[in-house]
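Please open the model in your viewer and keep the selection tool at hand, as this tour moves from one stop to the next and says what to select at each.

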Amino acid sequence: AKLWDTIEGLTLDHGGSIAHHHGVGLFRNPWIRRELGAGLDLLQTIKDALDPGNLLNPGKLGLRPAEGAVDIRNG
């Protein structure tokens, strides 16, 4: 976990993107806000408008997880 945190942090420090052809998914959620900043809030607003029940891919791309979801990495 420490290695991933170091790699993702260095990538962002040097202007890189944490996502590539595999996308962000769930694994890279801890770093997505740092990369997108206020853009993540905009994405959440758009998703809320299009998917008010949060049924489509909840928790992906750093967006709001499903109600009651448990983050297995953090207990």
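Predicted model: local features only at pLDDT ≥ 70, side-chain atom pairs only at ≥ 80, totals over all residues.

Begin by selecting Glu8 and Arg28, whose side chains meet in a salt bridge with a distance of 3.2 Å from N to O; a salt bridge here is a side-chain nitrogen of Lys or Arg within 4 Å of a carboxyl oxygen of Asp or Glu. Glu8 lies in helix H1 (residues 2-13) and Arg28 in the loop between H1 and helix H2 (29-36), so the pair ties together parts that are 20 residues apart in sequence. Both Glu8 and Arg28 are buried, where buried means under 20% relative accessible area, exposed means over 50%, and partly exposed is in between, with a 1.4 Å probe and protein chains only.

Residues are numbered from 1 along each chain as its sequence is written, and side-chain values use heavy atoms, with hydrogens and water left out.

Now zoom out to the whole protein chain, which has three helices and zero strands and follows the pattern α-α-α when read along the sequence; helices (H or I, at least four residues) and strands (E, at least two) are DSSP runs, numbered from the N terminus. The C-alpha trace spans about 35 × 30 × 20 Å along its principal axes, and of the 75 residues in the protein chain, 21% count as buried.

How many salt bridges does a search of the whole structure find? The search finds five, and one of them joins Asp48 and Arg64 at 2.7 Å from N to O. Asp48 lies in helix H3 and Arg64 in the segment after H3, so this pair ties together parts that are 16 residues apart in sequence. Asp48 counts as partly exposed at 31% relative accessibility, and Arg64 also counts as partly exposed, at 40%.

Is Asp51 buried or exposed? Asp51 is buried, with a relative accessible area of 8%, and Lys47 is buried too, with 12%.

Stay with helix H3 and select Gln44, which has its place there. Gln44 counts as buried because its relative accessibility is 12%, and, leaving aside residues up to four places away in sequence, Gln44 touches Leu63 and Arg64, a contact being heavy atoms within 4.5 Å.

For the last stop, select Leu36, Leu42, Leu43, Ile46 and Leu50, which make a nonpolar surface patch of about 460 Å². Patches are made of residues with over 30% relative accessible area and no salt bridge, where like charges are joined within 9 Å and nonpolar side chains (Val, Leu, Ile, Met, Phe, Trp, Tyr) within 5 Å; accessible areas come from the Shrake-Rupley method with a 1.4 Å probe, and for residues only the protein chains shown count as cover. Ile46 lies in helix H3 and counts as partly exposed at 42% relative accessibility.
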